[in-house]
Amino acid sequence: MSKAPEESSDLDGQIAFRTRKAEEIRERGGNPYANDFRVTHAIADVPRDVANLPNEPEIATDAPHYSVAGRLLQCNEKGKVAFLFLRGDRGEMIQLFVKIDYPAAFATLKDLQLGDIVGARGPMFKTRIGKAAMRTEELRLLTKAIRPLPGKLLGGQDVKDVESRYRQRYVDLISHPEVADVFRKRARLVSETRRFFDERGYVEVETRMLLQTNGGAAARPFTTHHNALDMDLFLRIATELDLKRLIVGGIDRVYEIGRIFRNEGMDRFHNPEFTSIEFYQAYATYEDLMVLTEQLFERLATVVCGSSEVVYQGQPVSLSAPFRRVTMRDAVRAALPDAPVDDPAGLCRHVTEKLHETLHADHAGTAMDYGHALTHLFEAHVESTLIQPTFIIEYPIEVSPLSRRNDRDPRFADRFELFIVGREFANAFSELNDPVDQRARFRSQVEAKAGGADETMDHDEDFCRALEHGMPPTAGEGIGIDRLAMLLTDQPSIRDVILFPQLRPEV
RNA sequence: GAGCCGGUAGCUCAGCCGGUAGAGCAGCGGCCUUUUAAGCCGUUGGUCCUGGGUUCGACCCCCAGCCGGCUCACCA
């Protein structure tokens, strides 16, 4: 063992100590970053059922040997014998028993420090206190960890500082194997979603992320610059318009799972880049999509959580189809019996007064139309109460610029949103496919922008041209994958389901 | 953007009424041939978030700022 270095206690000292250790190993002809150790078994696959394991003295000479590797998380040295714990990639642990009777392996102990990547080979047995362990006949340092792990290894304190957990996700994953489980579930969620749509004949596509025209949703975009073209480009805020172009082109069922970027605030539910799925189906209506959505959510819950009955932050949520369907007016009526839901002028006045009361003078100053008034009441008083899956239908046309107008009641759009645990999970509608109407709606967006509105679309002439070629009657839907992952993995923050969430710069 | 809470050793935290900083864990040295978050002996380690101010004296009180969390607002 090397002598005590003066500065071996603070972080820099520990790093220096470990660096020196690696140098020593190299000077002895060893390799602190060896790459010649062959693993035969994942740690998870090594038998550990003590009932079938012999005591150490009774290990058969032809007992199966296992070569495993993993991160060293604990080392109890007891004189001429030592117990080490390695953790494998699924969070499973294996206990290594190293004794002086295997001198090469035993000598390796003094090269090892917590956090190192270690390989071991030997047969399994049952220790005196009845735990599975490997009689380590070969012990190898595979990777020297120069930087010590913070906090919890085995038995230490959890690292609770969420900032450093998000910032240094690699450390988070080492210290908290359950974090990896969240992302495994997320992966299953995505792959099962693909399977769901593939089975139904949808074509998965990848459309552009760099756009010359901002559109498809109401949000502020990121801008970037293309040098060769010497022009600014937008990062997409939705996949909507390109997918509808493909519907025009005759791909009748199409979907895209991909990253979207919105240059807006960050909080527990918003990250500047996030993943959505949008899917479009020709000759379908938003009513067809409600059925499809029920099937999708029920299936995803069953596959990812093992049941369509899930729990989110202590609240039981049933994702068993069918989901409740309520019109926005009925939902507002139930929550606010006094609101004159069916009296447009009265409702506008009602909401305007309410806004004055709550000091939103800036909003109150603008003319409030019926659709915005109703939507305001819904968002303020109903949305957060919708715990069990609920389709809200009959959206006001004023807040649905891309939706098809209802044939029977022109005040409303053929649209729904799905709410669960008080939050929006899906937004779907029968698509507007009248190019003349679409041009008019782009025009009003452009006017709104000129009037100071931030989150508006640009006029997309090519999209209008596409619609002029004829887009079949189509229904489309968007679902936020991150929020769905939060629901199905029971995580309170979107940052818990995004591996590298956006953070302020490290100071 | 507003309000509340927080920032002290590598990690988790304590630190009274203002008197120049502590524990557990980890680290380092030593002992131990079956440990189980091992134990025992010894030991290193601090820009108390930053910058001002009050004070004989500030981790503590005041002001400003930075960072984080929560709530609200904004935002499909």
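The report below treats the domains, then the sheets and helices.

## Model and domains

The structure is a predicted model. For chain A, the domain assignment gives domain 1 as residues 11-149 and domain 2 as two segments, 175-323 and 388-496. The centres of domain 1 and domain 2, taken over C-alpha atoms, are separated by 49 Å.

## The eight-stranded sheet

Eight strands make up an open sheet with mixed pairing, in the order β8-β12-β13-β20-β19-β18-β17-β16. Its edge strands are β8 (203-204) and β16 (324-327), each of which pairs on one side only.

Within this sheet, strand β12 (residues 253-261) runs antiparallel to strand β13 (residues 273-282), and nine bridges join the two. G258 stands opposite S276 of β13.

## Helices on the sheet

Helix α6 (residues 240-248) packs on the sheet and touches β12, β13, β19 (423-430) and β20 (474-480). The direction of helix α6 makes about 25° with that of β13.

Helix α7 (residues 286-305) lies across β13, β16, β17 (390-396), β18 (412-420), β19 and β20. Relative to β18, helix α7 runs at about 10°.

## The three-stranded sheet

An open sheet of three strands has the order β9-β11-β10, with antiparallel pairing. Because β9 (210-211) and β10 (223-226) stand at the edges with a single partner strand each, one side of each is left without a neighbour in the sheet.

Two bridges link β9 to strand β11 (residues 231-235) in the antiparallel sense. L210 has L235 in β11 as its bridge partner.

Conventions
Residues are numbered from 1 along each chain as its sequence is written. Chains are lettered from A and ligands numbered from 1 in the order in which they are written. This is a predicted model: local features need pLDDT of at least 70, side-chain atom pairs count only at pLDDT 80 or more; totals for chains, interfaces and linings use all residues. Side-chain values use heavy atoms; hydrogens and water are left out. Two strands pair if DSSP finds at least two bridges between them. Helices (H or I, at least four residues) and strands (E, at least two) are DSSP runs, numbered from the N terminus. Contact means heavy atoms within 4.5 Å. Axes are lines fitted to C-alpha atoms, for helices over the stretch in contact, and angles run from 0 to 180 degrees between N-to-C directions. Domain bounds come from an automatic or database domain assignment.
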